[in-house]
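This briefing goes through one protein model by topic. Keep the sequence and the structure in view while reading.

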Amino acid sequence: MDETAQAMVAAGPGCVTDGVHDAEMDVATGLVQLTGLVQGIYTRVSERHDLTPVQARLLCVLLGGPRGMAELARCFGVEKAALTGLMNRAERRGLAQRSSVPGDRRAVQVTLTDAGRQAAIAFHARV
């Protein structure tokens, strides 16, 4: 657990409980607090790796192998047009690349570059 997460746990009720101060906290409140803690850690680690949280997520998804643009759009819950902007930025940084899918001239797949793979592995390990 990083220092910020430890501080949030130590802060007690209202942030994240330590299990002693707020035994009556309901599950929904706990999930909201846990989500905030996880998102905070994810954001801080992303920044330390010079990535946005969305770029970090893209790289981690692509660690599993090439993905189609339509599949990535569904994964991120956005239209393909919105994913295009994310991909443009990732390509400019040399983290990912788009290529044609053999046998389907309309389909485009996304893969990590070597730099993108290194960044994804380093980010994933730190999280």
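Cys60 lies in helix α3; helices here are DSSP runs of H or I with at least four residues, strands are runs of E with at least two, and both are numbered from the N terminus. The model is predicted, so local features need pLDDT of at least 70 and side-chain atom pairs count only at pLDDT 80 or more, while totals for chains, interfaces and linings use all residues. Residues are numbered from 1 along each chain as its sequence is written, and side-chain values use heavy atoms, with hydrogens and water left out.

**Cys60**

- Cys60 counts as partly exposed because its relative accessible area is 22%; buried means under 20%, exposed over 50%, and partly exposed in between, with a 1.4 Å probe and protein chains only.
- Leaving aside neighbours within four places in sequence, Cys60 is in contact with Ala120, Phe123 and His124, where contact means heavy atoms within 4.5 Å.
- The C-alpha atoms of Cys60 and Gly116 are separated by 9.5 Å, and these two residues are 56 residues apart along the chain.

**Overall make-up**

- The protein has 6 helices and 3 strands.
- From the N terminus on, the order of elements is α-α-α-β-α-α-β-β-α.
- The protein has 127 residues, and 31% of them count as buried.
- Of the contacts between residues at least 6 apart in sequence, 44% join residues at least 24 apart.
- The accessible surface comes to about 8000 Å², and 54% of this belongs to carbon and sulfur atoms; accessible areas come from the Shrake-Rupley method with a 1.4 Å probe, and for residues only the protein chains shown count as cover.

**Helix α2 and the residue after it**

- Helix α2 has 22 residues and reaches 31 Å from its first C-alpha to its last. This is close to the 32 Å expected at 1.5 Å a residue, the expected span being 1.5 Å times one less than the number of residues.
- The buried residues of α2 are Gly30, Gln33, Leu37, Gly40, Arg44, Val45 and Ser46.
- An α-helix has 3.6 residues a turn, so residues three or four places apart point the same way.
- Val27, Leu31, Leu34 and Val38 make a nonpolar surface patch of about 390 Å². Patches are made of residues with over 30% relative accessible area and no salt bridge, with like charges joined within 9 Å and nonpolar side chains (Val, Leu, Ile, Met, Phe, Trp, Tyr) within 5 Å. A salt bridge is a side-chain nitrogen of Lys or Arg within 4 Å of a carboxyl oxygen of Asp or Glu.
- Val38, a member of that patch, is placed in α2, which covers residues 27-48. Val38 counts as partly exposed because its relative accessibility is 47%.
- Asp50 follows α2 and sits in the loop between α2 and α3 (53-62). Asp50 has a positive phi of about 55 degrees although it is not a glycine.
- Asp50 counts as exposed because its relative accessibility is 57%.

**The sheet**

- The 3 strands form an open sheet in the order β1-β3-β2, with antiparallel pairing; two strands pair if DSSP finds at least two bridges between them. The edge strands are β1 and β2, each of which pairs on one side only.
- Strand β1 (residues 67-68) pairs with β3 over 2 bridges. Arg67 stands opposite Val110, and Gly68 stands opposite Gln109.
- Strand β2 (residues 96-101) pairs with β3 over 6 bridges, and Val101 has Asp104 as its bridge partner.
- β2 and β3 form a hairpin with 2 residues between them. In the turn, Gly103 has a positive phi of about 90 degrees.

- Thr111 is in strand β3 (residues 104-112) and counts as buried because its relative accessibility is 17%.
- Not counting residues up to four places away in sequence, Thr111 touches Leu62, Pro66, Ala96 and Gln97.
- Ala90 is found in helix α5 (residues 80-92) and counts as buried because its relative accessibility is 2%.
- Ala90 is in contact with Leu58, Leu95 and Ala96, leaving aside neighbours within four places in sequence.
- The C-alpha atoms of Ala90 and Gln55 are separated by 7.1 Å, with the two residues 35 residues apart along the chain.
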